[in-house]
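Let's take a friendly tour of this structure, one part at a time. Have the sequence at hand as you read.

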Amino acid sequence: MASISSRRLAKELMEIKNDGCPVGIDLVKADDFSTWWFTIEVMGESLYPNEKFTLQFRFDQQYPISSPAVQFVVTDGREAPVHPHVYSNGHLIALILSCRYVHPFLGNEWSPVLSVVAVCVTLQSMLASCKEKQRPVDNDRYIKHAPENPKKASFPLNA
Amino acid sequence: MAGKNQIQKLMAEVQDPSDFPEHSKSPGLRLLDSALRCTICSELYDGPVTLKCGHCFCSLCIRQSLAEKQECPACREEEVSEGHLRRNTVMEEAVTAWKACRPYILQVLKDVAQHDVASSRPSKKRRLDEDLYEQDVACSSPEGAKHPPAVKQTGSPHPDELVDCPVCSKRVKYKIINEHMDEGCTSEPEPDFSSKAQWENLLGSKSLLGKKKKKGKERALSEEKDDPLPKKSYDTLRDKAIKALLQEHDLSTTGSRQMLIARHQRWVSIYNANLDKAEKLRKSLPSLRRDLEQWETQQKNKTKRPVVDSDTYQIKQKSEFDKLVEAARPKKPSSAIQTTSGEMSAAPAHVPRSRTISPSLAEKAIVVDDFEDERMEN
Ligand SMILES: [Zn+2]
Ligand SMILES: [Zn+2]
Ligand SMILES: [Zn+2]
């Protein structure tokens, strides 16, 4: 029984298979319709030369109406990029899935017409435009109480 | 691993623009196929509707999206509500025609390709995309792109051949018939090129060939029932009243209040989206009910999936939550028909206040679903 979200993800995978990923982005794992991994590298001059990061996407049954949960993988020696918007546990600050780098007119929020690859490109651009390698100022506080799923993060912190 | 098989199977089955050769080989076909697809679900438009800005989506897709956020997903034009949706009948007809000729064109292209190769296996039909073909083989029988038929059939038809679904009697490709039935007959019907019905579709005219009389199966929603269902403001309704609403449509009345509301809301969306289709393309009420049941099962399955921690599961219907939030607030008087502008007032509540990032980013930071206890399961 294939849900809309699975079918949509299958099509995104087809597209990746046929057209490949943008430069610096690679699909490393898509065994199922719940968790995918990509690696991203920043091309050209940047604060992250020769660094490769792993990005994890998790999808729920409402994808693409609901955004994927996105974070950097920090297990098995992998590390999150040092960036003012990236916590050391791999979560992105306030979940900036801003796709403005790819779709300037779309602003920073998730839209169901966006794709997994679009998010990868966005985060790649976020790193590429980084001016100073540092963690978010509340990093230590955040990672102590951070929920496992970054999509859960904002509510408790705002409460 | 089961997931992997599933993903490969689905990749082999889904239709997408890459079924056609690239632009240099068959100019325009990929573009055409992609132009007729909804950018939310990537399927050929199902009940296409257009927003004020001109962007077009499947009715059900955009209704779900608007429940999350009242804007056009493609251009972000704001203050869009379901009331702005307009049926795009021209697109619907184009899609109907395209569905009819798509398999034909693929077959012709395949034949041409085979001819070119002067194939040594002339009887063996294969997909243009060799890669796909191999995948299909890898995860099914060595026979090729066939899944064992649930329907008893003498001499298996070609995978792309259209067969009558024994359940809903739609025309469905043989290779996806099992999937189709598993899905409760929700997949795209494959129109028959030769039939009168098809001519009717192509001509897009109800009157030209006269209305079809109902067949043995149940007829699609009849004209008398053309009115969309009003949205309800559930906060003013007791459980009993909500159950009555569900009963009115022969829907299950089991589960928590939350479930009842979610179920009814989904029903309203499915029902109204169905009305955005040409009458002859509409589904029957039993078929819509199956869709609803399937949707509910999917919600539940997702929560049980072992791969992901239970936390990953998000509220599926933020609109429900909006309603609940609204319920807890002083309300301006509203009629039973809730206009979507009512929901807009609740929307800003979901924008997370971010602490350290620049205001511009904070403002625009993605709206997340964080209502973890909103589950279909009680
Ligand atoms: Zn759609
Ligand atoms: Zn638009
Ligand atoms: Zn069927």
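Across residues 234–268 of chain B, the chain is 63% helix and 0% strand, with its end C-alpha atoms 13 Å apart. Keep in mind as you look that this is a predicted model. According to the UniProt record, an unreviewed entry, residues 234–268 of chain B carry the annotation "domain: SAP".

## Helix H9

Now turn to helix H9 of chain B, which runs over residues 257–275.

Is H9(B) largely enclosed or largely open? Of its 19 residues, 17 are buried, so the rest of the structure largely encloses this helix.

## The zinc site

Which residues hold the zinc ion (ligand 1)? Its protein donors are the SG atoms of Cys38(B), Cys41(B), Cys58(B) and Cys61(B), at 2.3 to 2.4 Å from the ion. Along the sequence, these donor residues follow the spacing C-x2-C-x16-C-x2-C. Distant parts of the chain are linked here: Cys41(B) sits in the loop between helix H2 (29–35) and strand E1 (48–50) of chain B, while Cys58(B), 17 residues apart from it, belongs to strand E2 (residues 56–58) of chain B.

The angles tell us about geometry. For four tetrahedral donors, the ideal angle at a metal is 109.5 degrees. Around the zinc ion (ligand 1), the 4 donor atoms subtend angles of 105 to 116°, so the arrangement is tetrahedral.

Are Cys41(B) and Cys58(B) buried or exposed? Buried means under 20% relative accessible area. Cys41(B) has 4%, so it is buried, and Cys58(B), with 4%, is buried too.

Terms used: Residues are numbered from 1 along each chain as its sequence is written. Chains are lettered from A and ligands numbered from 1 in the order in which they are written. This is a predicted model: local features need pLDDT of at least 70, side-chain atom pairs count only at pLDDT 80 or more; totals for chains, interfaces and linings use all residues. Side-chain values use heavy atoms; hydrogens and water are left out. Helices (H or I, at least four residues) and strands (E, at least two) are DSSP runs, numbered from the N terminus. The expected span of a helix is 1.5 Å times one less than its number of residues. Buried means under 20% relative accessible area, exposed over 50%, partly exposed in between (1.4 Å probe, protein chains only). Donors are N, O and S atoms within 2.8 Å of the metal (3.2 Å for Na, K and Ca); water is not among the atoms, so sites may look incomplete. Four donors count as tetrahedral if all angles lie between 85 and 135 degrees; four count as square planar and six as octahedral if opposite donors are over 155 degrees apart and all others between 65 and 115; anything else is irregular. UniProt positions are given in the numbering used here, feature names are shortened, and annotations may be inferred rather than shown by experiment.
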